[in-house]
Amino acid sequence: MKNMGKIKDGWFSEVCPMWPGIALSVEINKVLYSKKSQFQQIDVYETKNHGRMLVLDGIIQLTLSDEFAYQEMMAHVPLFAHPDPKNIAVIGGGDGGVLREAGRHKGIETIDFCEIDPQVIEISKKYLPEMARGFDDPRIKVHIGDGNAFIREKKEAYDVIIVDSSDPIGPGEVLFKKPFYQGLKHALKENGVVATQGESFFLFKETVAHLAQITKELFLKQAYSCILVPTYPGGNIGICLASLGPELKTPARKIPKELQDQLQYYCPKVHEASFVLPRFAQKIFEDI
Ligand code: SPM
């Protein structure tokens, strides 16, 4: 895939044809790593004010200053929507951040993790240990390979599946298509919940509508949760949620105090509030 990032005068800019006319720029001090893996260009920068930053094919995946917002919401919204998650899968997110958050749930017994690019895991372990400590959890079984193929082999295996994908360009494209969602449904146990990277309703209206349409057709319930992330273009991103039973917009159980004390973004009120959308975004869901 074409690299969507540019560096000029000490600033990295994410420029992508999917959000024309806007660039998100972050001032950088140093390039810590820059190499092409079998799947994508991987860059790690030391930024001036936002800690280290992971960039794949020129698209910002995280900065250490605000990564907690995305990782916490991607993990805790689906995990608290489920009444008792025991077996879960995480697809993508080789930096380990979603695993770190999922691991805070003591009731989970097994975590299957699948990532297509082993280099992202290796580089995160070396340069982003705050994220990659997620891999230290003994309940995690790491599978290297295609997430779509991995999910297709599973039947009624998981209570919750979280898909931390990159954008629908490059290696993540297949994870935004209906056959993948059919596989997710097949892989869920009764009452299962799925959460996928749902893009921004400002910048990716068509993708948001497309995912809502697919999940409405296949699942009993579907909903879209909004997350504020200053270092993603538009300052926001969403979670596409779908369920075979549980309500999605309210937590199904109380959050233990020791878990709440570890978090910076997620709490039960934010869980509920994240589903309250501006009028134009609500309309995307009314129109499908
Ligand atoms: N664990 C962090 C991985 C992040 N995965 C999602 C990245 C999405 C980046 N693009 C956002 C585009 C803005 N709408």
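A polar contact is a pair of N or O atoms within 3.5 Å. With that in hand, welcome to this predicted model, where the ligand sits in the largest cavity. Domain 1 (5-63) and domain 2 (67-286) each supply residues to the shell around the ligand, so the ligand lies between them.

**Who surrounds the ligand**
- The ligand is surrounded by 16 residues.
- Gln71, Asp95, Asp164, Ser165 and Asp167 are the closest of these.

- Tyr70 places a polar side-chain atom 3.5 Å from a nitrogen atom of the ligand.
- Ser165 takes part through its backbone, where a polar atom is 3.3 Å from a ligand nitrogen atom.
- Asp167 uses its side chain, with an N or O atom 3.0 Å from a nitrogen atom of the ligand.

**How covered the ligand is**
- On its own the ligand would expose 440 Å², and the protein buries 99% of that.

**Which elements build the shell**

Key: Residues numbered from 1 in each chain as written. Predicted model: local features only at pLDDT ≥ 70, side-chain atom pairs only at ≥ 80, totals over all residues. Heavy atoms only, no water. Near = heavy atom within 4 Å. Polar contact = N/O pair within 3.5 Å; in protein donor to acceptor, adjacent residues only side chain to side chain. Areas by Shrake-Rupley, 256 points an atom, 1.4 Å probe, with all protein chains shown as cover. 1 Å grid on protein atoms, 1.4 Å probe; cavity = no way out; pocket = protein on both sides within 12 Å on 5 of 7 lines; lining within 4 Å. Sits in = over half its atoms within 2 Å of the grid points. Domains from an automatic or database assignment.
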